[in-house]
Amino acid sequence: MAVLNQKSVLDMIKEFRRNWRTFCNSERTTVCGADSMLLALQLSMAENNKQYSGEFTVSLSDVLLTWKYLLHEKLNLPVENMKVIDHYENIRKIYDDFLKNSNMLDMIDVYKKCNVLTSNYENYANISPPK
């Protein structure tokens, strides 16, 4: 994955604003930064704990451990030898459902969708017109 600099982030935001209808199904969508992603993950983990232990709480160390794993997984970085919390698949499903039901996208999803859109545009631009 290329290192993002300020210009590429601004280009990504412009691309998202131009083509937001291809990214989401709703009229209004909130893009989550890292702080909102972390909060959504914390709420998802607390909901998971409520289902399994009856308490709507989660420890900060578990949130940070899961955050690290989530970022590696979403960015397709190596996750082998990383500790993962119990019921991670359920937490991930709750997290994804929370974003979907709240009409939210996280920055990683926006980046991935813009990257696909940009690469499709570049591939189309590289095709020469028939003579």
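Mentor: Because Arg92 and Asp96 are 4 residues apart in helix α5, about one helical turn separates them. Helices here are DSSP runs (H or I, at least four residues), numbered from the N terminus. This is a predicted model, in which local features need pLDDT of at least 70 and side-chain atom pairs count only at pLDDT 80 or more, while totals for chains, interfaces and linings use all residues. Residues are numbered from 1 along each chain as its sequence is written, and side-chain values use heavy atoms, with hydrogens and water left out.

Arg92 and Asp96 form a salt bridge, their closest N and O atoms being 3.2 Å apart. The term requires a side-chain nitrogen of Lys or Arg within 4 Å of a carboxyl oxygen of Asp or Glu. Asp96 is partly exposed, at 30% relative accessible area; buried means under 20%, exposed over 50%, and partly exposed in between (1.4 Å probe, protein chains only).

Arg92 also forms a salt bridge with Glu73, with 2.4 Å between the closest N and O atoms. Glu73 lies in helix α4 and Arg92 in helix α5, so this pair ties together parts that are 19 residues apart in sequence. Glu73 is partly exposed, with a relative accessible area of 31%.

The whole structure holds 5 salt bridges. One of them joins the side chains of Asp109 and Lys74 at 3.1 Å, N to O. This pair links distant parts of the chain, as Asp109 is in helix α6 (residues 107-126) and Lys74 is in helix α4, 35 residues apart. Lys74 counts as buried, at 3% relative accessibility.

Let us now turn to the nonpolar packing. A nonpolar core is a set of buried Ala, Val, Leu, Ile, Met, Phe, Trp, Tyr and Cys residues joined through side-chain atoms within 4.5 Å. The largest core has 17 residues, of which Met37, Leu41, Met45, Tyr95 and Leu99 touch the most other members. Helices α3, α4 (60-74) and α5 (88-101) are the elements that give two or more residues to this core. A second, separate core of 7 residues includes Met12, Phe16, Cys24 and Val110.

Leu99 touches Cys32, Ala40, Met104 and Asp106, not counting residues up to four places away in sequence; contact means heavy atoms within 4.5 Å.
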